[in-house]
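Welcome, and thank you for opening the viewer.

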Protein chains: 2
Amino acid sequence: MEWYLIGIGGALLTTFGFVPQIIKMHRTKSARDISPVTLLQFSAGTILWALYGYHIGDVIIISANVISFITLVAAIILYNSYSRK
Amino acid sequence: MEWYLIGIGGALLTTFGFVPQIIKMHRTKSARDISPVTLLQFSAGTILWALYGYHIGDVIIISANVISFITLVAAIILYNSYSRK
């Protein structure tokens, strides 16, 4: 069994995990039910993970968490635009 | 600098990242804006990560992803209850 593909699959699914949520907010122009704490908590978590990845010299951990962080910034911007509408 | 604390901090923040979202859905009894694709994608991702952790014998990866998966199951149950209200 190609175990590294399992690892890559898990990494891709979670790294881009907020993309469907971003698409839904963008499409519905609504974000009232989204928890901003969840978005901020994940953002802080990905920053710490990326720092840790930098410390241990792991390019995969750095890349995955920087990409995740970018999607979270997009999600937070959309949340701020649409949560009151 | 205690780098392992940075890693643990990142792991705790992301592992329990959906807890505030679960609390918000439970409190507001509303989940219309939540993307079920995001919840399912993260669920699948954590299963693959846990399998990969099992393969490489990493208890931290297994534990973090099993805990995440449990929170995601709770989030999916709440989404199914409240997304149509």
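Start by selecting A:Lys29, which is partly exposed, with a relative accessible area of 42%. This is a predicted model, so please read every stop on the tour as a description of a prediction. A:Lys29 sits in the loop that joins H2 to H3 in chain A. Its backbone deserves a look: phi is positive, about 55 degrees, although the residue is not a glycine. Most residues other than glycine have a negative phi.

Now pick B:Lys29 in the other chain. Phi of B:Lys29 is also positive, near 55 degrees, and this residue is not glycine either. B:Lys29 belongs to the loop between helix H2 (19-28) and H3 of chain B. With a relative accessible area of 41%, B:Lys29 is partly exposed.

**Stop two: chain A as a whole**

Colour chain A by secondary structure. Along the principal axes, the C-alpha atoms of chain A fill a box of roughly 45 × 30 × 15 Å. Of the 85 residues in chain A, 46% are buried. If you draw the contacts in chain A with a separation of 6 or more, 70% of them join residues 24 or more positions apart.

**Stop three: the two chains together**

Show both chains. How many degrees of rotation superpose chain B on chain A? The rotation is 180 degrees, with 0.0 Å of shift along its axis and an RMSD of 0.0 Å. That is the relation of a two-fold axis. To find where the axis runs, select B:Asp33: its C-alpha is the one in chain B nearest the axis, 2.7 Å from it. Next, highlight the interface. Of the interface residues of chain B, 100% are also interface residues in chain A, so the copies meet through the same surface.

**Stop four: a charged residue under cover**

Select A:Lys24, in helix H2 (residues 19-28) of chain A. Leaving aside neighbours within four places in sequence, A:Lys24 is in contact with A:Lys29 from the opening stop, and with B:Arg32, B:Asp33, B:Ile34, B:Ser35, B:Pro36 and B:Tyr79.

**Stop five: the salt bridges**

The structure holds two salt bridges over all chains. For one of them, select A:Asp33 and A:Arg32, whose closest N and O atoms are 3.8 Å apart. A:Asp33 is buried, with a relative accessible area of 3%, whereas A:Arg32 counts as partly exposed at 44%. Then move to chain B, where B:Asp33 forms a salt bridge with B:Arg32, again with the closest N and O atoms 3.8 Å apart. B:Asp33 is buried at 3% relative accessibility, and B:Arg32 is partly exposed at 44%.

**Stop six: the enclosed cavity**

The structure holds one cavity of 30 Å³ or more, and the largest cavity has a volume of about 70 Å³. Which residues line the largest cavity? From chain A, select A:Phe18, A:Gln21, A:Ile34, A:Thr38 and A:Leu39.

**Last stop: the largest pocket**

Switch to the pocket display. About 1,100 Å³ of space lies in the largest pocket. Its lining has 42 residues, and those nearest the centre are A:Thr14, A:Trp49, A:Ile61, A:Asn65 and B:Trp49. Helices H1 (3-15), H3 (36-56) and H4 (59-82) of chain A, and the helices H1 (3-15), H3 (36-56) and H4 (59-82) of chain B, each supply at least two lining residues. H4(A) gives the most, with eight residues.

Finish by selecting A:Asn65, which lies in helix H4 of chain A. A:Asn65 counts as buried, at 11% relative accessibility. Apart from neighbours within four places in sequence, A:Asn65 is in contact with A:Thr46, A:Trp49 and A:Ala50.

Note on methods:
Residues are numbered from 1 along each chain as its sequence is written. Chains are lettered from A and ligands numbered from 1 in the order in which they are written. This is a predicted model: local features need pLDDT of at least 70, side-chain atom pairs count only at pLDDT 80 or more; totals for chains, interfaces and linings use all residues. Side-chain values use heavy atoms; hydrogens and water are left out. Helices (H or I, at least four residues) and strands (E, at least two) are DSSP runs, numbered from the N terminus. Contact means heavy atoms within 4.5 Å. Copies are superposed by least squares on the C-alpha atoms of residues with pLDDT of at least 70 in both. On a 1 Å grid over the protein atoms alone, a cavity is a set of points where a 1.4 Å probe fits but cannot get out, and a pocket is an open set with protein on both sides within 12 Å along at least five of seven lines; lining residues have an atom within 4 Å of a point. Grid points are joined across faces, edges and corners, and a volume is the space filled by probe spheres set on the points. Buried means under 20% relative accessible area, exposed over 50%, partly exposed in between (1.4 Å probe, protein chains only). A salt bridge is a side-chain nitrogen of Lys or Arg within 4 Å of a carboxyl oxygen of Asp or Glu.
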